[in-house]
Amino acid sequence: MLPIAKKIDEVGYWSVEMWGGATFDSSMRYLKEDPWERIRLLKEQMPRTPFQMLLRGQNLVGYRHYSDDIVEKFVERAIANGIQVLRIFDALNDFRNIKTAVKATLKNGGKVEGTICYTISPVHNNDIFVDMGKKLEDMGCDTICVKDMAGLLSPYDAFDLISSLKQSVSLSIHLHTHDTSGMSLAAYVKAVEAGIDIVDTAVSSMSSGTSQPPVEPFLNILNRSSKYITDLNLELISEIAEYFREVRKKYKVFESEFTGVDPAVLIYQIPGGMISNLASQLNEQQALGKMKDVLQEVPHVRKEFGYPPLVTPMSQIVGTQAALNIVTGERYKVITTETKNYFKGLYGKPPAPIDEDIRKKVIGDEEFIEKRPADLLEPELEKITAEVGEKAKNIDDILLYALFPKVALDFFDAREKGVKPGELVVNGSNAVSEVTEEAALSHLAPSEFNIKLHGEKYHVKIGGMGHPSEGGRPFFIYVDDQLEEVLVESLVEVVPSVSGIIDARATGHSIRPKAREAGDVTTPMPGTVVKIKIRVGDKVEAGDTVLIVEAMKMENEVHTPISGVVEKIFVSEGDSVNPDEVLVVIRE
């Protein structure tokens, strides 16, 4: 980004959204870059153009609610580092969840862009959205954004909604959409006719599909009219687009096949960023072939959730629960922590009543929390500062840890070891390194293959293996993307060598015993242990959460099936686990 930043600064944009949302987590997790430093370095090259960020209200740039003191400090530091416009939204349009961030932004001299998350459902209409706009104006927002995160806004609906908002509020209206459905440019043209003040676009080489509509043709449409003329430098924008066209080629391996125009989004309503993320999650679970089934499941789950707008984090929560419903072969067999918290009211008030049968299945007889979720949280900043200790060099580091503890610690460790940003992803020529012949030869044993049985062809992937027992070892495999457990009796186990010569020797056994008794705690699906909530000797009650296992990028609570005392713990945080292994031993 840095080599082209000065030219972007010369275009004359109202703002450039270059931070917040998933970019905060991704820069640390995958590139080992400091997200705070990204603001400062780009600002040095782009002093004229206001920087904008996407802030998820009380969720900030994470996936849970944070205490007010964390929110206030984060907003303060974002503005101090160079962010000028904060687009603040709540995934449920529950404005109780944005009030702290709005007040902090105004206090620190930033501009607040209060946001309406646009969606289509039996309980949403333009009158409701206009009423939201009035509330945002009353809260002191500087501008109002209509955030159409899934590209659902049709041209004529855009005209009606923007016209109504312009008649009802005095603030500038900013329209954000994606081209997922293919309607974005037409929607923008009608929005312009209705009096829209600002629209979001992307340069052509990075546009369309699940991205924003391309800026070049939009400018040409306006400039060819006699009524709407812009003063942006189209030749300079074309030069910038060509630069990113070449850059994008180097990252082709990371492209998703699910980011093109897809009118079916009008049915499943998953926003662009979540589509590629969901594809990645399914691929990790060896179930990418189930993508269509998952997309068809999403509307059912959304209805049961009370029709929340599918924007982060709700798109992740609904999408992941839909994926788990399909991958496990049973609806709500595995329920994520986030799903449970949603049904408890810990994300706010749903737009419509939730399905009562599903609620009972998810949280039983627990009552729904009516108050603002953050009112239940104690101040966190002081505790987190002490917890991270000297690993954090300053307040910005402390906030990294507060939002993404494990990712931040890995980042701190990489920084301490001198790992340069990006070197884990690309080679010196900024292209992905090719797999060498020697590396390829070291993977002679197939882990994904097709088999033919009685004339029928099946696609098989190995997901993991369990503890050997009498009669064989359980393997967790995906047959045509459906998770199955099969018992394999090994007669000979081999290890392929780099040279291709096979050594006939045992490959070893699982370090954890097989589950046999009622108090043997297991995970319902393969995943990674992210939190251990008990210690040896602790007393627990049946149903208590003892572990948190991450699968499908969501945290899943693992409960003890009986009351008793913790005798043994066979896992550590970060361990990969399979369904038949004993993770914790509870005895009465």
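Predicted model: local features only at pLDDT ≥ 70, side-chain atom pairs only at ≥ 80, totals over all residues.
Local features are described where pLDDT is at least 70, side-chain atom pairs count only at pLDDT 80 or more, and totals for chains, interfaces and linings use all residues. Residues are numbered from 1 along each chain as its sequence is written, and side-chain values use heavy atoms, with hydrogens and water left out.

**View A. Glu-113 in strand β4.** Glu-113 lies in strand β4, residues 111–117, where strands are DSSP runs of E with at least two residues and helices are runs of H or I with at least four, numbered from the N terminus. Glu-113 counts as buried because its relative accessibility is 0% (buried means under 20% relative accessible area, exposed over 50%, and partly exposed in between, with a 1.4 Å probe and protein chains only). Its side chain makes a polar contact of 2.9 Å with the side chain of Thr-143, and another of 2.9 Å with that of His-174; such a contact is a pair of N or O atoms within 3.5 Å, where within protein one must be able to donate a hydrogen and the other to accept it, and residues adjacent in sequence count only if both atoms are side-chain atoms.

**View B. Ser-184 in helix α8.** Ser-184 belongs to helix α8, residues 184–194, and is buried because its relative accessibility is 2%. Leaving aside neighbours within four places in sequence, Ser-184 is in contact with Thr-177, His-178, Asp-179 and Pro-213, contact meaning heavy atoms within 4.5 Å.

**View C. The end of helix α13.** The buried residues of α13 include Val-298 and Glu-304, and just after this helix Gly-306 takes a positive phi of about 90°.
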